[in-house]
Amino acid sequence: MNKKFSFLLVLVLALSTFLAACSSSSSDKAGSDNKSGSGSGSGKKDQVLNLIATAEIPSMDSTLATDSVSFLVMNNVYEGLYRLGKNNEPVLGMAAEEPKVSADGKTYTFKLRDAKWSNGDPVTANDFVYSWRRAVDPATAAEYAYMLYDVKNAEEINTGKAKPDALGIKAVDDKTLEITLKNNVPYFKSLLSFGTFYPENEKFVKSQGKNYALEANTGVYNGPFTLSDWKHEQSFQLKKNPTYWDKDTVKLNTINFNIVKDTATAVNLFETNKVDRVTLNAEFVDKYKNNKEFGSYPETSVFFLRLNEKNKVLANRDARKAIDMAWDKKSFVDVILNNGSQPANYLVPSDFAKGPDGKDFRETNGDLSKLDVAEAKKLWAKAKKEAGFDKVSLELLNYDDDNSKKISQYLKEQLESNLDGLTITIKPQPFKQKLDLESKGNYDFSFAGWGPDYQDPMTFIDMFVTGGAHNQMGYSNKQYDKLVADAKGPLLSDLNARWKAMLDAEKILMDDAAISPMYQRGTSYLQRDYVKGIVKHPFGGDFGYKWASIEQ
Amino acid sequence: MEQKQLDQLSTDLFRPAAGRGDLEQIGRPSLSYWKDAWLRLRKNKGAIFGLIVVIVLTALAIFAPMASKNDYHTQNLSLSKLPPKIPVLEKVSFLHVDGKDKDGFDVYKAKNIKENYWFGTDDLGRDQWVRVWQGTRISLLIAVAAALIDLGIGIIYGGVSGFYGGKVDNIMMRIIEILIGIPQLILVILFILIFKPGVSSIILAMIITGWTGMARIVRGQMLKMKEQEFVMASKTLGAANSRLIGKHLIPNILGPIIVTTMFTVPGAIFTEAFLSFIGLGIAPPQASLGSLVNDGFRFLQTYPYLLIIPSIIISLLILSFNLLGDGLRDALDPKMRK
Amino acid sequence: MLRYTLQRIVYMLITMFIIATLTFFLMKLLPGSPLKSQDKLTPEQITIINEKYGLNDPLPVQYVHYLGNLAKGDLGSSFQYDNRPVTELIGNRIGASAQLGFQALILGSIVGLILGIIAAIRHNTIFDYGATVLAVLGISIPSFVFAGFMQYILGVKLQLLPVALWEGFSYTIMPTIALSGFVIANISRFMRTELLEVMGSDYIMLAKAKGMSGTGIIIKHALRNALIPVITIIGPLAVNIMTGSLVIEQIFAIPGLGEQFVKSISMNDYTVIMGTTIFYSALFIFIIFVVDILYGVIDPRIRVAGGKK
C-alpha cells in the first residue's frame with residue numbers, strides 16, 4: 001500500500017512542478033501585458049476604446065497596402081490631402097485650402113497646411129511627390145499602382161514606358177503641390193483621401209530601409225493617431241498623436257486592437273467586457289437582434305453571379321434572364337445572410353454615390369430586375385428552343401468557406417426546382433484557385449463580389465466592357481461599351497450627361513442579364529452605449545475614429 | 001502465520017475428487033482461434049456494448065434516410081431552424097426535445113407545423129434527422145475504407161521494413177520521413193484541385209499519408225518481436241521468412257495493429273471533419289458527421305442542437321469502436337489463450 | 001554510436017533536400033498567383049509585379065535561386081505581409097505555438113500515462129471502463145467543440161478563466177486542456193495495451209513468482225518496457241499538436257503558427273508555405289531522430305543500427 005501511495009505521490013509531484021514551472025515562466029509576461037489595459041472598467045474614464053481586428057495588419061506602407069485591415073489603421077494614423085469627413089464627403093486634410101483648378105479641370109494646385117510628422121519633420125509637398133512616384137515605379141511592385149492611373153503618365157511609368165519623374169506631380173515649393181491629371185475625373189478629391197495617395201517622409205523611409213513600417217517604431221505618422229505598439233498576430237495599439245494639426249478634435253487617448261478571427265470568440269469577449277464593439281454573423285444576429293446595443297448598416301460591396309457566355313446555354317439572353325428571375329433573393333438575404341445585407345437587383349450599391357442632382361444613384365435607377373418564377377419558366381422554355389437543349393448541367397464555381405457553401409446549396413436547390421431540366425454541380429475552390437479559374441474562363445457560372453475603388457459609380461459600371469480584365473464572362477454589348485467610353489472621356493465636362501450615361505449603362509447590363517445580382521453586403525454589430533462618434537466610410541479605410549469618444 | 005492457518009483447516013473444506021472418467025476428459029473443448037476469440041469477446045461487457053452500438057448506428061445510417069419521407073437536400077426556408085421535437089420524449093424536460101427554442105417559445109405551435117422533426121431542422125430548413133443519418137453513412141464509409149486501406153499498406157510496408165531491418169529498413173523509413181515531412185494539407189489541396197471533390201477523392205487524400213502511422217507501429221513491433229526467443233527458435237528450426245511473418249510475427253503484433261486501426265477509424269472521421277473545416281471536405285449539399293459538427297459549431301450559442309446531436313453521435317461511434325477494439329485486442333492476443 | 005549519429009545527420013540533410021524540392025514543385029502546380037489583389041488586377045499588371053519577384057523566370061531558374069537562398073538560410077519575403085522576411089514571420093509566431101504544444105504534451109502525457117496504468121492494472125473492471133471512456137472522450141469530441149463549450153461555460157458564464165487572448169499563464173489553461181485531449185487519448189490507449197502485453201510476459205511471471213509486489217513489478221519491469229512504443233508515438237504527436245493547433249489557436253485568439261500556415265496556403269503565399277513546410281519538416285525529422293536514439297537507450301534489446309542477423 002505504501003509503495004502504491006509513493007508512486008502516486010511521485011506523479012503528483014511531477015505534475016505540480018510542471019505547473020509551477022509554467023506559471024513562473026509566464027508570470028512576468030502577464031505583468032508586462034497588463035499595461036496595455038484592455039479592461040473596460042477603466043476604459044470608460046480614460047477615453048480608451050477596445051476593439052477587435054479580424055487579421056494581423058498586412059502592411060503599414062501606404063504604397064503597398066491593399067486590404068481592409070491595413071487601410072483601416074492607415075486611415076487613422078496617416079492623412080492625405082483630403083480625408084473622408086463625418087458625412088463621408090472629402091474634407092481638407094494636409095491641404096490647407098481648396099485647390100486652384102485649371103480651366104480644363106486637369107491641373108490642381110494645392111497649398112499644404114503647416115502639419116508635422118510624429119518625429120517632428122514638417123509634411124512637405126515633396127513627401128507626396130516621393131510616395132506617388134514610388135507607388136507607380138514598377139520596381140516597387142505596388143499592387144494598387146493602378147489607383148493612380150488617372151494621374152498623367154502614371155500608367156506609362158507603371159508599365160515601364162516612362163521614367164518615374166515624368167509623373168504628373170510637382171513640388172513647386174515646400175508647401176505648394178501641382179498635380180496634372182490625364183482626364184478631368186470628377187471624383188478626384190475623394191480619391192485623394194485613399195491610402196495609395198498618402199504622403200511618405202522620404203528621409204525617414206530611406207533611413208529605415210527594408211525595415212520601414214514593419215514595426216510600430218519604424219514608421220512615422222501624420223494622422224490623428226500613431227501606431228504605438230504592435231505585437232504581431234496578437235494586438236496593436238493606437239495613441240493620440242500630439243503633433244497632429246487638428247489634435248483638439250481628437251478625444252480618444254488610446255485605441256486597443258486585439259486580433260480575433262473567430263466571431264463567437266469576439267462575441268464572448270464582448271460579453272465579458274473585454275471589447276466595446278464586435279461584428280456579428282447570421283447566427284448571432286438571431287440572439288442579439290432585440291438588444292439595445294445591436295445595430296447594422298449597409299456596406300458598399302455588391303455580390304453577383306457571373307454568367308459565363310462561353311457556355312452555349314448561358315450565351316442565350318433568355319436563359320440568363322430566367323436564371324436571374326428564378327431564385328428568391330429576399331428569403332435568401334433574410335434567412336441565410338441575416339446580417340443587414342439587402343437583396344440586390346442592381347449593380348451599383350445604394351448609399352454610395354450621389355449624382356449632380358444630389359440624388360443617390362440607386363434612387364434614380366431603382367430596382368432593375370425582380371423575382372418572377374412564372375416568367376422565368378416561360379423564358380427558360382423559350383431558351384430551350386432557341387439554344388436547342390432539353391437538359392443541361394451547369395457548374396457553379398464558388399469559394400470554399402462556410403458561407404459560400406450555404407449560398408451554393410441554396411442556389412442549387414432554388415434553380416433546380418424552378419427551372420426544369422437544369423442540374424447544378426457545385427465546385428468549391430480555395431480563394432486563389434477560384435479566381436484563377438474565373439480569369440481563365442473555366443467555369444459556367446460563379447459567385448463573385450466587387451467593392452469600390454473610388455467614390456463614383458464608374459468603379460462598378462466599367463467592369464464589363466468588351467475585352468475588359470474584369471469581364472471574365474465574355475459579355476459584349478456595343479451600346480454599353482459606347483456609353484462607358486463616353487462617360488470616361490467626352491462627357492467628363494458635362495457631369496449631368498455623364499451621370500445619365502452611367503444610369504443607362506447599368507440598365508443595359510441588367511436588361512441583358514449579363515450578371516445576376518445577389519445582394520449588397522451589410523454588417524451587423526454590437527456596440528457599447530458609451531461609444532460615440534465612430535464614422536463608417538463607404539470606401540478606403542472602413543472606420544474613422546478621429547471624432548469618436550467615450551461618454552460617461 | 002502460514003503455519004497456524006494450516007493447522008486450523010477443517011475437514012469440511014475438502015470434498016472427494018470426481019470419478020476417474022471425468023479426469024481423463026479434456027476440460028476445455030478444442031476450439032479454433034477465431035471461435036475462441038469470440039467466446040472471450042462475449043465475456044467482455046464493454047466490447048459487447050461497443051459492438052451493439054456500432055451495429056445500431058450502422059443500421060440507422062443505412063435505413064433511417066430510406067425510411068423518412070424527407071431527403072437530405074430539400075430546403076424550405078420557412079421551416080428553418082426548428083428545434084427538435086420527438087413525440088413521447090418531449091415530456092422529459094431535460095432532453096429539450098419539446099419543439100421549444102431556448103427561450104421556451106413553442107415554434108411548432110407558432111408556425112402551425114404538424115410534422116415532428118426529431119432532430120429539428122437546419123438553417124436551410126432541411127430535416128436534420130435525415131441529414132444526421134446520411135452523414136453517419138458517409139462518415140462510416142470514408143472511415144472504414146480509409147482504415148482498411150491504411151491497414152493493408154501499413155502492415156505490408158512496416159512488416160517488410162521491420163523484418164528485414166538494416167539497409168532496407170533505413171531506406172524505407174527515410175521514405176516515410178519524407179512523406180510525413182510534406183504537410184498533408186498541401187497534398188490534399190492539390191488532390192482536391194485535380195480530382196473532383198467527393199467521397200473517393202477524400203478517401204484517397206487521406207490514404208496518401210495516413211498509412212505511415214500504421215507502418216511505423218508495425219515496424220516498431222516487428223523490431224521488438226523478431227529478437228524474441230520463440231522467433232529465434234523458429235528461425236533456428238529453419239522456418240521460411242513467409243512462415244515467420246505469417247505464423248509468428250503478425251499474430252503476435254495483432255494487438256497493437258487492431259488498436260491502431262480502431263484509432264484510424266475515428267482519426268479518419270476527424271480528418272474528414274478537419275477537411276470540412278478548411279473548406280475541402282465533402283461537397284455540399286452532401287453531409288458527413290464532420291461537416292455537420294462543423295456547420296453546427298457556429299450555432300453553439302443559438303441553436304445548440306445542431307451541434308450537440310451530431311457531436312454525440314460522433315462521440316458514441318468512436319467510443320464504441322474503441323471499446324470494441326480493446327475487447328478484440330484481449331480476445332485475439334495468442335498469449336491470453338488459456 | 002558517433003558513426004551512427006553522423007550517418008543519420010547526413011540522411012536528415014538528404015531528406016530535407018528532397019522535401020524542399022518536392023514542396024517547391026508542388027507549390028508551382030497550384031494555380032493562381034500569390035498577389036493579394038489578384039481579383040482587382042489586370043493580367044498586364046500581374047505580369048509587371050511578377051517580374052519584380054522573379055516569378056516570370058523559367059522554373060529551373062526559380063528553383064536554383066530558391067535552393068541557393070535556402071542554403072544561406074534565407075527563406076525569402078512574404079507576399080501577404082509586404083516584404084516581411086519569412087524567418088521573422090515564423091519567429092514571431094512560433095513562441096505561442098511551442099509553449100502551447102509543450103504544455104499540452106506534458107499534461108497529456110502525464111494524465112494519459114496515469115489513465116493507461118490504471119486501466120491496465122484494474123483490467124476489465126469499472127476503473128478500466130472509466131479510464132477508457134475518459135480517454136476516448138479526448139478524441140471523440142472534436143477539440144473545437146470542446147473548446148467552444150469550455151470557453152462559453154468557464155469563460156462567459158462562470159467567468160473563472162479569461163475567454164481568449166494571450167496575456168499570461170491563465171490564458172493558456174483552456175487551450176492547453178483542449179489540445180491535450182488528443183494526447184491523453186493516444187497515450188493512455190497505448191499505455192494500456194502495452195502494459196497488458198508486458199504483464200503477460202514471462203519475466204513478469206517470474207518476478208511475480210519470486211514474490212515481488214504488484215507495484216514493484218510495474219515500476220521496476222513493466223513500465224520500462226511498456227514505455228518504448230509509447231515513446232514512438234510521442235514524436236508524431238508533438239508535431240501533430242503543433243500543426244493541428246490551428247483551430248484552437250483561432251478559437252482562443254492565440255498568435256500561433258498553425259492558422260498562419262493554412263492562410264498562406266489559401267493565399268498562395270509561396271515563400272511562407274515553403275518556409276513553414278521546411279520548418280515543420282526539420283522539426284519533425286529532428287524529433288524522430290531523438291526518438292530513435294532514446295529507443296536504444298531505453299530498450300537494450302534494440303540496437304538502433306538494426307540488422308544484426
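Lys239(A) stands opposite Thr254(A) in β10(A), where strands are DSSP runs of type E with at least two residues, helices are DSSP runs of type H or I with at least four residues, and both are numbered from the N terminus. This is a predicted model, in which local features need pLDDT of at least 70, side-chain atom pairs count only at pLDDT 80 or more, and totals for chains, interfaces and linings use all residues. Residues are numbered from 1 along each chain as its sequence is written, while chains are lettered from A and ligands numbered from 1 in the order in which they are written.

**The sheet of chain A**

- Four strands of chain A form an open sheet with mixed pairing, in the order β1-β10-β9-β8, and two strands are said to pair if DSSP finds at least two bridges between them.
- The edge strands are β1 (48-53) and β8 of chain A, each of which pairs on one side only, and the twist from one strand to the next averages 20°.
- Strand β8(A), residues 225-231, and strand β9(A), residues 235-240, are antiparallel and share six bridges, and in β9(A) the residue Lys239(A) is the bridge partner of Thr226(A).
- Three residues lie between β8(A) and β9(A) in a hairpin, and in its turn Glu233(A) has a positive phi of about 65°.
- On to strand β10(A), residues 254-259, β9(A) is joined by five bridges in the antiparallel sense, with Phe236(A) standing opposite Phe257(A) of β10(A).
- Helix α3(A), residues 68-77, lies across β1, β8 and β9 of chain A and runs at about 140° to β8(A), the angle being taken on a scale from 0 to 180 degrees between N-to-C directions of axes, which are lines fitted to C-alpha atoms, for helices over the stretch in contact.

**A bent helix in chain B**

- The 27 residues of α9(B) should span 39 Å at 1.5 Å a residue, which agrees with the 38 Å between its end C-alpha atoms; the expected span is 1.5 Å times one less than the number of residues.
- At Ile208(B), α9(B) bends by about 45°, the bend being the angle between axes fitted to the seven residues ending there and the seven starting there.

**Where the chains meet**

- In chain B, 47 residues are in contact with 43 residues of chain C, contact meaning that the C-beta atoms of two residues, placed from the backbone, lie within 7 Å.
- The largest share of the side of chain B that touches chain C comes from α13(B), with 10 residues.
- Between chain C and chain A, 53 residues of chain C are in contact with 52 residues of chain A.
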